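Good morning, and thank you for joining this part of the meeting.

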Amino acid sequence: MNLRHEQNKLFQLLEFTTGLVQLNFIFFITLLPVITIFPALYALTAVTRQWSVHQDYSVFRSYIHFFKEALQYHLKFGMLWTFILLFLLFDFLIIRHIETGQTFLFTGLSIVSLSFLAVSVFLFPILSHYELKKKMPSS
């Protein structure tokens with residue numbers, strides 16, 4: 001029985017677990033202002049991608065770096081995405097008070113909302129994985 005090898009696995013598990021706790025803590029802090037939802041999600045996926053690629057479980061410095069990067073490059077898109085999300089939620093609240101055609105409207109809005117959420121689930125990992133250029137090169 002190799003005790004050093006088992007301790008090494010235990011310490012790796014503890015390091016990963018504390019990294020997750022730290023990441024969740026800083027994520028919820030940066031999520032509090034509503035307009036930073038998109039940069040916070042971008043930074044969250046970028047840090048977890050860095051963990052899987054580099055096996056480096058540093059949290060705060062990496063998260064702040066990716067969060068600032070997202071604020072710099074994706075803030076306008078994030079505010080648009082947040083506006084669409086709030087618009088869909090507001091529509092659900094309005095539909096609750098309509099008496100005629102509520103089922104039809106609710107079904108249509110549910111399909112649009114599920115599509116929006118499906119695109120969102122794939123959007124954040126793609127943006128954190130690929131570097132997108134802001135301007136198209138002229139031909």
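In which helix is S62 found? S62 lies in helix α3, which covers residues 60-96. Before I continue, a word on the source: this is a predicted model, in which local features need pLDDT of at least 70 and side-chain atom pairs count only at pLDDT 80 or more, while totals for chains, interfaces and linings use all residues. Residues are numbered from 1 along each chain as its sequence is written, and side-chain values use heavy atoms, with hydrogens and water left out.

Is S62 buried or exposed? S62 is buried, its relative accessible area being 9%; buried means under 20% relative accessible area, exposed over 50%, and partly exposed in between, with a 1.4 Å probe and protein chains only. Leaving aside residues up to four places away in sequence, S62 touches V47 and Q50, where contact means heavy atoms within 4.5 Å. With Q50, the side chain of S62 also makes a polar contact of 3.3 Å. A polar contact is a pair of N or O atoms within 3.5 Å; within protein, one must be able to donate a hydrogen and the other to accept it, and residues adjacent in sequence count only if both atoms are side-chain atoms.

Let us turn to the chain as a whole. It has 4 helices and 0 strands, in the order α-α-α-α along the sequence. Helices (H or I, at least four residues) and strands (E, at least two) are DSSP runs, numbered from the N terminus. Of the 139 residues, 28% are buried.

Next, the nonpolar cores, each a set of buried Ala, Val, Leu, Ile, Met, Phe, Trp, Tyr and Cys residues joined through side-chain atoms within 4.5 Å. The largest has 14 residues, and L23, V47, W51 and Y63 touch the most other members. Helices α1 (3-31), α2 (37-54) and α3 each supply at least two residues of this core, and the largest share, 6 residues, comes from α2. A second, separate core of 11 residues includes Y42, L88, F124 and L127.

Finally, the annotation. The unreviewed UniProt entry records "transmembrane region" for residues 20-44, 77-98 and 104-127; such annotations may be inferred rather than shown by experiment, and the positions follow the numbering used here, with feature names shortened. In the model, residues 104-127 are 100% helix, with end C-alpha atoms 34 Å apart. Residues 20-44 are 80% helix, and their end C-alpha atoms lie 10 Å apart.
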